[in-house]
Amino acid sequence: MHILIAGASGLIGKALSNRLRDNHTVTRLVRRAPAGPDEVAWDPARGELDPSVMDQADAVINLSGTSIAGGLWTRSHKESLYSSRIRSTRTLVEAMRRAGSPPAVFLSQSASGYYGNRGDEVLTEASGSGDLFLSDVCRRWEAEAVRAPEGVRTVLTRTGIVMSRKGGALPKLLLPMRLYAGGPLGSGQQWWPWITMTDEVRAMEHLLTAEVEGPVNLCAPQPERLQTLLQELGRALHRPTRFRVPQKVLTVAMGQLADELLLVSARMDPKVLTSSGFRFDAVTAADLAEQVRDRRV
């Protein structure tokens, strides 16, 4: 397949591009002058993308967006969380609509934040959206993606917390643990819909050809409470996990970011993904811990 990727320079984008290049042709959308034949310039802030690039693509993968955990949620950062996702998705969709031969499939990233803070409720793709700031971001993000032309199979990948040593949540969890100061954040009873980077990119490659459309939860089939997840990691690394960080401390230090990213509970079930035939490499927190110990994550 010829696959066009927006957001290929991000954590997931780099890993996905590397995997897809083994069997497919990958073209990256970049916001600068192209450095080679595998890059195409675009300007999502201005809504600029030559629609002819869509005529050459079999699939488009949209991973664009300012990092959710890239800094404190000031007003300007929150505006960027909206605009970077909505404008980039709108630009891709408009280019598809103007193309003579639009791609067959469109994978557009969304996030577990769609569901908000739902306690112990099991969340499938049929579950409603939450009432948090990130829930609204995800709803608007997805609304732009489903405007893709009729005939384009559109998949909304609601990705959970991706575990990778190269960035994201995992290094932040492991650092205090290695210093013998690891432990739960808040109560530790919140459900974390984790997924390894390996399974994340495998799942996205699977969805390029699976007969699936609409929302798809990308998370391990056995979500864990944060406390259990940390205990498994601590056991594998021979480190204690008894130093709890109180919710109040996190909220004072990080504000809304803590409430919506660290302390939120989302017990997601990847029902659509597993029903489509996908098989996870890491199913349980013990599997994750083993892979971390062996440096496979």
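Two strands count as paired when DSSP finds at least two bridges between them. Keep that in mind as you look around this predicted model.

**Stop one: strands β1 and β2.** Select residues 2-6, which form strand β1, and then β2; the two run parallel and are joined by five bridges. Now click on I5 and look across to β2, where its bridge partner is R28. To see how the chain gets from β1 to β2, follow it through helix α1, residues 11-20. This β-α-β crossover is right-handed.

**Stop two: the other neighbour of β2.** Next, select strand β3, residues 39-41. β3 and β2 also pair in the parallel sense, here over three bridges. For one example, pick L29 and find V40, its bridge partner in β3.

Why is β2 described as largely enclosed by the rest of the structure? Select residues 25-30: five of the six residues of this strand are buried, so the rest of the structure largely encloses β2. While you are looking at strands, remember that in a regular strand the side chains alternate between the two faces of the sheet.

**Stop three: R158.** Move along to strand β7, residues 153-159, and select R158 there. Is R158 buried or exposed? Its relative accessibility is 3%, and buried means under 20%, so R158 counts as buried.

Now show the side chain of Y115 as well: the side chain of R158 makes a polar contact with it, at 3.0 Å. Finally, display the residues that R158 touches beyond four places away in sequence, among them S110, E125, E142, N217 and M268.

Terms used
Residues numbered from 1 in each chain as written. Predicted model: local features only at pLDDT ≥ 70, side-chain atom pairs only at ≥ 80, totals over all residues. Heavy atoms only, no water. Buried < 20%, exposed > 50% of the residue type's maximum accessible area, 1.4 Å probe, protein only. Helix = DSSP H or I, 4+ residues; strand = E, 2+ residues; numbered from the N terminus. Right-handed = clockwise from strand over helix to strand, strands pointing away. Polar contact = N/O pair within 3.5 Å; in protein donor to acceptor, adjacent residues only side chain to side chain. Contact = heavy atoms within 4.5 Å.
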